[in-house]
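Good morning, and thank you for coming.

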Amino acid sequence: KVYMIAAGVIAGVYLLGIIVLFLGVKERDDPYALNSDRAIPFCKGLALTMKHGPYVKLTASFLLISTAVQLEQGNLVLFCTHAAGLRNHFQYLVVTLLVSCTSLPNWLNVQVGTSEECHSQGSVLGLALCNILVIWALKRNFGLSFSFILFTSRSMLPDVVDNFRLQNPHGKGHETIFYSSYVFFTKMSAGIGLGISAAGLEFTGYKPGLCRQSDNVILTLKLLIGAVPAILILLGLFILLFYPITEESRKETKLALEELR
């Protein structure tokens with residue numbers, strides 16, 4: 001009954017948000033658009049966005065990083081129960097994670113750079129340790145990193161849209177394609193994370209409902225909560241090394257768009 005009540009409350013909140021969005025937000029054309037601008041058809045626009053280098057690199061990077069986050073979230077309960085012996089402390093770890101995620105506004109004052117992205121890596125490397133104080137501290141760091149990932153990925157996307165706009169000055173309506181496909185790839189990471197977890201646990205003989213799982217299952221949980229997310233994040237950060245948009249090029253793009261308008 002509690003789960004049903006919670007599901008109803010969450011569904012009501014979603015419905016309220018949709019109604020507010022539908023009634024309160026109206027789409028408007030760019031008042032500075034050129035008279036020669038033409039709307040880009042969806043299929044053509046999708047093909048153009050998938051060929052746009054900065055967008056491909058950004059999407060690939062955060063697809064890997066988001067998959068790492070999904071692995072952390074999806075296996076936290078099983079890890080605390082079977083691998084870390086923290087069944088009775090799980091609710092406190094969740095509260096720690098949620099409170100840490102509320103630091104999202106603080107990232108507005110943080111300069112985006114590799115050092116902050118590596119913070120995400122460091123927070124997942126040690127989660128296989130079973131000391132409760134260490135895990136509490138690492139879970140707090142993971143919450144901070146999670147909020148950073150949410151903020152950074154969405155703050156970098158407008159720069160990609162501006163860069164595309166500069167390279168395609170006579171097209172409009174591409175923003176919707178960028179954001180919708182980006183959300184699609186973000187949701188895809190949840191499916192990938194679930195598939196990796198389910199396949200790994202089934203292969204090692206996980207049995208739902210058992211009070212004690214086999215050593216292979218415990219080892220798999222440690223890998224899913226530690227090593228695998230760390231590898232995915234490292235790959236994502238490596239791709240970002242080739243991300244072409246810098247602070248200087250962003251300012252140049254902004255100036256060029258203002259001149260174009």
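Before we count anything, a word on terms: helices here are DSSP runs of H or I with at least four residues, strands are runs of E with at least two, and both are numbered from the N terminus. The model before you is predicted. On that definition, the protein chain has nine helices and two strands. Followed along the sequence, their order is α-β-α-α-α-α-α-β-α-α-α.

Let us turn to the chain as a whole. It contains 261 residues, of which 36% count as buried. Consider next the contacts between residues at least 6 apart in sequence: 81% of them join residues at least 24 apart.

We now come to the interior. In soluble globular proteins, nonpolar side chains tend to be buried together. The largest nonpolar core in this model has 33 residues, and those touching the most other members are Tyr55, Leu58, Phe62, Val160 and Tyr243. Two or more residues of this core come from each of α3, α6 (132-167), α7 and α8 (215-240). Helix α3 provides the largest share, eleven residues. As for Tyr243, its contacts beyond four places in sequence are Pro54, Lys57, Leu58, Met156, Asp159 and Val160.

Where is empty space left inside? Rolling a probe the size of a water molecule over the atoms shows this. The count comes to four cavities of 30 Å³ or more, and the largest cavity holds about 50 Å³ of space. Its lining consists of Leu58, Thr59, Phe62, Leu63, Ser66, Tyr182, Phe185 and Thr186. Both α3 and α7 (174-203) supply at least two residues of that lining, and α3 gives the most, with five residues. By type, the lining residues of the largest cavity are five nonpolar, three polar and no charged.

Is Thr67 buried or exposed? Its relative accessibility is 3%, and buried means under 20%, so Thr67 counts as buried. A polar atom of the Thr67 side chain lies 2.7 Å from the backbone oxygen of Leu63. Leaving out residues up to four places away in sequence, Thr67 touches Ser189, Ile192, Gly193, Ile196 and Leu232.

Thank you for your attention.

Conventions: Residues numbered from 1 in each chain as written. Predicted model: local features only at pLDDT ≥ 70, side-chain atom pairs only at ≥ 80, totals over all residues. Heavy atoms only, no water. Buried < 20%, exposed > 50% of the residue type's maximum accessible area, 1.4 Å probe, protein only. Polar contact = N/O pair within 3.5 Å; in protein donor to acceptor, adjacent residues only side chain to side chain. Contact = heavy atoms within 4.5 Å. 1 Å grid on protein atoms, 1.4 Å probe; cavity = no way out; pocket = protein on both sides within 12 Å on 5 of 7 lines; lining within 4 Å. Points joined across faces, edges and corners; volume = space filled by probe spheres on them. Nonpolar A, V, L, I, M, F, W, Y, C, P; charged D, E, K, R; others polar. Core = buried A, V, L, I, M, F, W, Y, C linked by side-chain atoms within 4.5 Å.
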